[in-house]
Amino acid sequence: MHMTDRGLLALARHEGVVPGPYRDSTGTWTFGIGHTAAAGPPDPAEMPRGMPDDLDAGIQEAFRVFRTDLARYEAAVLRAVTVPLEAHEFDALVSFRYNTGGISRAALTRHLNAGNRVAATDAFLNWRKPASIIRAGRPNATCFGMAAIPVARSRSGPWTGQAAWISPGRSVA
């Protein structure tokens, strides 16, 4: 089982794409689409600082690393979950694993494997470390519980049918 295109887009949108190393909200060296040394090579702390001279190559590398990380995280979800999953549930669980690393020990996994999807949905909101992932909890819970992934919205309201890539200070439709 693999993440859907909507799930991939939602995760990349949440993480952002940075084709050079940076420190995340916890001070951890990060690269690309939320990649850290904990996920495996490359180690962002050992990468040259700043944006690459060839931005296109840097973005391609960010997506190559993202695909490698996703394969590892999809496998972790499949090992941890013992019940059949719908595609939207799998997307939410991979996103949760991507952000927390805690899929095998999470209460939501225990609830899900026990057959209690309502408690599993609620448990997404109980994960609070690091604090920066709290904003990911509600969309993951929504995705898991309602078969819908909030991919994009305009600044003024809900999804209008056109993708709006929103970044601080500007949006490009």
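Select Glu-61 and Arg-64 in helix α2 (residues 55-80): they sit three residues apart, which means about one helical turn lies between them. Helices here are DSSP runs of H or I with at least four residues, strands are runs of E with at least two, and both are numbered from the N terminus. An α-helix has 3.6 residues a turn, so residues three or four places apart point the same way.

Now show both side chains. Glu-61 and Arg-64 meet in a salt bridge, at 2.7 Å from N to O. The term salt bridge means a side-chain nitrogen of Lys or Arg within 4 Å of a carboxyl oxygen of Asp or Glu. Side chains of opposite charge can pair when their charged atoms come close.

This is a predicted model: local features need pLDDT of at least 70, side-chain atom pairs count only at pLDDT 80 or more, and totals for chains, interfaces and linings use all residues. Residues are numbered from 1 along each chain as its sequence is written, and side-chain values use heavy atoms, with hydrogens and water left out.

Are these two residues buried or exposed, or in between? Glu-61 is partly exposed, at 28% relative accessibility. Arg-64 is partly exposed too, at 39%. Buried means under 20% relative accessible area, exposed means over 50%, and partly exposed lies in between (1.4 Å probe, protein chains only).

**Next stop: Asp-69 and Arg-72**

Stay in helix α2. Asp-69 and Arg-72 are three residues apart there, separated by about one helical turn. Their side chains form a salt bridge of 3.6 Å, N to O. Color the pair by accessibility. Asp-69 is buried, with a relative accessible area of 1%. Arg-72 is partly exposed, at 36%.

**Across the chain: Glu-89 and Arg-117**

Select Glu-89 and Arg-117. Their side chains meet in a salt bridge of 2.6 Å, N to O. This pair links distant parts of the chain, 28 residues apart: Glu-89 is in helix α3 (residues 87-100), and Arg-117 is in helix α5 (residues 117-123). Glu-89 is buried, with a relative accessible area of 5%. Arg-117 is partly exposed, at 30%.

How many salt bridges does a search of the whole structure find? The search finds three.

**A nonpolar patch**

Select Val-17, Met-51, Leu-55, Ile-59 and Phe-63, which make a nonpolar surface patch of about 390 Å². Patches take residues with over 30% relative accessible area and no salt bridge; like charges are joined within 9 Å, and nonpolar side chains (Val, Leu, Ile, Met, Phe, Trp, Tyr) within 5 Å. Accessible areas come from the Shrake-Rupley method with a 1.4 Å probe; for residues, only the protein chains shown count as cover. Click on Ile-59, which lies in helix α2. Ile-59 is partly exposed, at 31%.

**Helix α1**

Go to helix α1, residues 5-15. Which of its residues are buried? They are Gly-7, Ala-10, Leu-11, Ala-12 and Glu-15. These buried residues pack against α2 and α3. Step just past α1 to Gly-16, where phi is positive, about 85°.

**Zoom out**

Show the whole chain as a cartoon. Trace them along the sequence: the pattern is α-β-β-β-α-α-α-α-α-β-β. Of the chain's 173 residues, 40% count as buried. The chain exposes about 9,700 Å², and carbon and sulfur atoms supply 55% of it. Last, look at contacts (heavy atoms within 4.5 Å). Among contacts with a separation of 6 or more, 53% join residues 24 or more positions apart.
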